[in-house]
Amino acid sequence: MASRPLVIAHRGASGYLPEHTAEAKALAYGMGADYLEQDVVATRDAKLIVMHDVALNDVTDVATVFPGRARADGRYYAIDFDLAEIRRLRVVERRRAGTPEPLFPRRFHSSDVTFRVSTLSEEIELVQGLNRTTGRSVGIYPEIKEPRWHREHGIDLAVLLLEELDHHGYSGPEALVFVQCFDSAELVRIRVELGSNLPLIQLLPYSDRAWREMTVTDAVALAAHATGVGLPYEHLIVAPSARTTTLEPAPLAAALRAAELSIHAYTFRADQLPAWATSFRDLVRAFYADLRVDGIFCDHPDIAVDVRDSLHARSR
Ligand code: CA
């Protein structure tokens, strides 16, 4: 292995504690992750918070604390609340969308522990503070969520994020940050119009039809302005027909590499294995060792670190 591939803690150590809480991030840091992921959305008073969805329904008690504040579609949008209001919410383990059922039944479920929503600023302070106290250099990995939707609501998420990153000392191509977004026009805007030279990651969706019908050449071209791509790991391989540890790369994998784009694959979950996988460790090992990805997004970063480090030790 030429250089050590990355472990990116997906929403923190979200396999163990409710996603995007400070507790889940501190745990991921302690487990040895290289980068901690933040999904970023805005509040009504234009504060950036770390939250996967633009609505608060599936990971907080918003319906109980603020009854009557949902829109006609039944959802409670972060952008309809001031930060002071969002600070009153408790974060809980993710529920299946629109239901009271847990999405991952074996994950952390206790109503006796109070978790809160973090601002992006607080989370960056947490990571930088831990970098000072441990002497490590762990990075951040913010995702701009639904930039057009935010703009329709009067918020320029990219500009706010870049200001926040600049304020916290992230600048230039070597900064310990990857800025990710599904919207390629937004990443082009960040690079060209806003003049940022931070590392950018073009995300490719799991099931979007337009993307599935795209040629390999088009997919690579989509990321031309980026440092790398973040994509579902299934898109990098030919789908196996039976249980196996031997994975055949899809043409896209070679094309991305030929274009010198870093490959960050998502999302590896120990409690959500594909039918063809023999074990979680085998799955992670195959993508690090055989597919030679540059990083993986993982809900269980301790296992990814362990597998990655054992491969790396062997190759030295
Ligand atoms: Ca994300």
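Five bridges join strand S7 (residues 228–232) to strand S8, and the two strands run parallel; strands count as paired if DSSP finds at least two bridges between them. This is a predicted model, in which local features need pLDDT of at least 70 and side-chain atom pairs count only at pLDDT 80 or more, while totals for chains, interfaces and linings use all residues. Residues are numbered from 1 along each chain as its sequence is written, and side-chain values use heavy atoms, with hydrogens and water left out. Helices (H or I, at least four residues) and strands (E, at least two) are DSSP runs, numbered from the N terminus.

**Strands around S8**

- Strand S8 (residues 262–268) is mostly covered, since six of its seven residues are buried, where buried means under 20% relative accessible area, exposed over 50% and partly exposed in between, with a 1.4 Å probe and protein chains only.

**Aromatic rings and charges**

- A search of the whole structure finds 11 aromatic pairs, in which rings of Phe, Tyr and Trp (its six-membered ring) have centres within 6.5 Å, and planes under 30 degrees apart count as stacked, over 60 as edge-to-face and the rest as tilted.
- One of these pairs is formed by Tyr266 and Phe297, which are edge-to-face at 6.3 Å centre to centre, with 85 degrees between the planes.
- This pair links distant parts of the chain, because Tyr266 lies in strand S8 and Phe297 in strand S9, 31 residues apart, and Tyr266 is buried with a relative accessible area of 15%, as is Phe297 with 2%.
- Ring pairs link Tyr35, Tyr141, Phe178, Tyr266 and Phe297 into a cluster.
- Arg71 lies over the face of Tyr77, at 4.5 Å from the ring centre, and Arg136 lies over the face of Tyr29, at 4.6 Å from the ring centre; a charge sits over a ring if NZ of Lys or CZ of Arg is within 6 Å of the ring centre and within 35 degrees of the ring normal.

**The calcium site**

- The calcium ion is coordinated by Glu37 (OE), Asp39 (OD) and Glu143 (OE), at 2.2 to 2.3 Å; donors are N, O and S atoms within 2.8 Å of the metal (3.2 Å for Na, K and Ca), and sites may look incomplete because water is not among the atoms.
- Glu37 in strand S2 (residues 35–42) and Glu143 in strand S4 (residues 139–144) are 106 residues apart, and this pair links distant parts of the chain.
- Both Glu37 and Glu143 are buried.

**Helix H1**

- In helix H1 (residues 22–30), Ala24, Lys25, Ala28 and Tyr29 are buried.
- Seen down the axis of H1, the buried residues fall within an arc of 140 degrees, so they line one face of the helix; the arc is that of the directions from the helix axis to the C-beta atoms.
- Ala24 counts as buried at 0% relative accessibility.
- H1 is followed by Gly32, whose phi is positive, near 100 degrees.
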